[in-house]
Number of protein chains: 2
Amino acid sequence: MQPNKLKTAIVDDHPIVIEGLKNLLKNESNIELIGGFQDGETIMKYLESEKVDLILLDITLPDVNGMDLCLKIKKKYRSVIVLILSNRTERSIVVQTIQNGASGYLLKNSSLDELRLCIAEAVKGSICYSKEVTEILSRPSRNELLAAPRLTKREKQILELIAQGKTSQAIGEELFLSPLTIDTHRKNLLQKFQVKNVAELIMSANQQHLF
Amino acid sequence: MQPNKLKTAIVDDHPIVIEGLKNLLKNESNIELIGGFQDGETIMKYLESEKVDLILLDITLPDVNGMDLCLKIKKKYRSVIVLILSNRTERSIVVQTIQNGASGYLLKNSSLDELRLCIAEAVKGSICYSKEVTEILSRPSRNELLAAPRLTKREKQILELIAQGKTSQAIGEELFLSPLTIDTHRKNLLQKFQVKNVAELIMSANQQHLF
DNA sequence: CGAAAAATACCTAAAAACCAGTAGAAAAAA
DNA sequence: TTTTTTCTACTGGTTTTTAGGTATTTTTCG
């Protein structure tokens, strides 16, 4: 149906997975495999010069996290279709990647049929999940009921330092800011996460995979 | 060299990985692939009736954990060689699997050469790690430098409640204890984890997989 | 049983975090 | 270029945690 085959890239840090996927997809009539990439940097570099239609993207990568990479790709190359192929089953991760522009989310244990279907759906512009992912989405776990709050750059930075056990005083010195400012950010973080203190904050951030 | 090829089974919950491995190994002269298994139960069942020489085993499986499965296999079928092929990089996991009788540990991102080498070593009876695993074993990462402190029952309980954002006051009421007692436990927890405050405490506990 | 470990509870005092606001400047988005 | 968001900083007061102890009572285990 398509005039050209889908130029497809696989981004996964495991050569074995790349091998397996290549093998599974090599007989697909509408797919042209253009290569496997083991980290975020190499695929970004490749995208600068070459056209890609479809990216099968893992979440766990050595350099960047797949969620962020997805956003970065979609921001720069709007038309590229990104399908997440990961074994992370956390609801927050699924939701986040879709918000970041992914066209679907499959677990690595999904069948070739599911993969085929999702690619077809993605090309048509809709979003597609593998069966298990649909389940994950439908029954949110207690901890993840609250959507991950979107943090500003500063907030992320300060959250990180708080997690390192630093006091507002110390953070202020490190960032050349008043400790009072840090306190404000602290307050805002607590509010955004809807928690009462750092203990809960760090727990929540961990459950939301922010570290 | 061998009169017979090594009857090799792959145990991994990801069909894609199984595919990839099959592909990578199908041209090996000394290996006869007898199949892929997606969980612990199916391989155990298979072992009851069929002879297997080598098992490539993942740690993360749907039904049992690969470390335990390894022990179970080695207990029942002494002669089977088990090679772990996983992407879990925690030192404790590597050590545990070896103690459970595995003949080696490779990360999924290791090369075919490494895999080949490890299989050869394992057949000879020695234990073999992929390069990265050797590194993990030799210089334990920051998080794991401190052995997970062994906590008492009370401490675990209180840690849990602290993680829920409860104050010493609240915890005291909940457990019918003086808040001062909770403070003491708090202090002891900080000391055991060698941290300065709850933020670090919760981070550390998370990294040590205590939640 | 006796010793060690765990759990309990207290004191004092300082440090840090938390609460409830306000508000101007800078940066980003509409 | 407005408008909105983010970042900055403050006031003033309260609560909680942390740091340095000590000390008695239970449990647990050799």
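**Exercise 1. Find how many salt bridges the whole structure has over all chains, then look at one of them.**

*Solution.* Let's start with the total: a search of the whole structure, which is a predicted model, finds 20 salt bridges over all chains.

Side chains of opposite charge can pair when their charged atoms come close.

Now pick out one pair. The side chains of A:Glu32 and A:Lys7 form a salt bridge, with 3.7 Å from N to O. This passes the test, because the cut-off for a salt bridge is 4 Å.

A:Glu32 lies in strand E2 (residues 31–37) of chain A, while A:Lys7 lies in strand E1 (residues 6–11) of chain A. The pair is 25 residues apart, so it links distant parts of the chain.

**Exercise 2. Decide whether H4(A) and H6(A) are roughly parallel or roughly perpendicular to each other.**

*Solution.* Two packed helices are described by the angle between their axes and the distance between the axes.

Begin with the geometry. Helix H4 (residues 91–99) of chain A packs against helix H6 (residues 131–138) of chain A at an angle of about 100°, and their axes are 9 Å apart.

Then compare the angle with the cut-offs: 65 to 115 degrees counts as roughly perpendicular. H4(A) and H6(A) are therefore roughly perpendicular to each other.

To see who touches whom, find A:Arg91, A:Val94 and A:Val95 in H4(A); they meet A:Val133, A:Ile136 and A:Leu137 in H6(A). Sorted by class, this contact has five nonpolar residues, no polar ones and one charged residue.

**Exercise 3. Describe the interface between chain A and chain B.**

*Solution.* First, count the residues: 28 of chain A are in contact with 28 of chain B.

Second, give the area. About 2400 Å² is buried between chain A and chain B, and carbon and sulfur atoms give 66% of this. On the chain A side, A:His14, A:Ile16 and A:Met203 lose the most area to chain B, together 24% of what that side buries.

Third, check the pairings. Between chain A and chain B there are zero salt bridges, but five residue pairs are in polar contact.

Helix H1 (15–25), helix H7 (153–163) and helix H10 (198–207) of chain A each supply at least two residues of the side that touches chain B. H1(A) gives the most, with eight residues.

Last, sort that side of chain A by class: 13 residues are nonpolar, 10 polar and five charged.

Notes: Residues are numbered from 1 along each chain as its sequence is written. Chains are lettered from A and ligands numbered from 1 in the order in which they are written. This is a predicted model: local features need pLDDT of at least 70, side-chain atom pairs count only at pLDDT 80 or more; totals for chains, interfaces and linings use all residues. Side-chain values use heavy atoms; hydrogens and water are left out. Axes are lines fitted to C-alpha atoms, for helices over the stretch in contact, and angles run from 0 to 180 degrees between N-to-C directions. Helices (H or I, at least four residues) and strands (E, at least two) are DSSP runs, numbered from the N terminus. Angles under 35 degrees count as roughly parallel, over 145 as roughly antiparallel, 65 to 115 as roughly perpendicular and the rest as oblique. Contact means heavy atoms within 4.5 Å. Ala, Val, Leu, Ile, Met, Phe, Trp, Tyr, Cys and Pro count as nonpolar, Asp, Glu, Lys and Arg as charged, and the others, Gly among them, as polar. Buried area is the accessible area (1.4 Å probe) that two parts lose on being put together, summed over both. A polar contact is a pair of N or O atoms within 3.5 Å; within protein, one must be able to donate a hydrogen and the other to accept it, and residues adjacent in sequence count only if both atoms are side-chain atoms.
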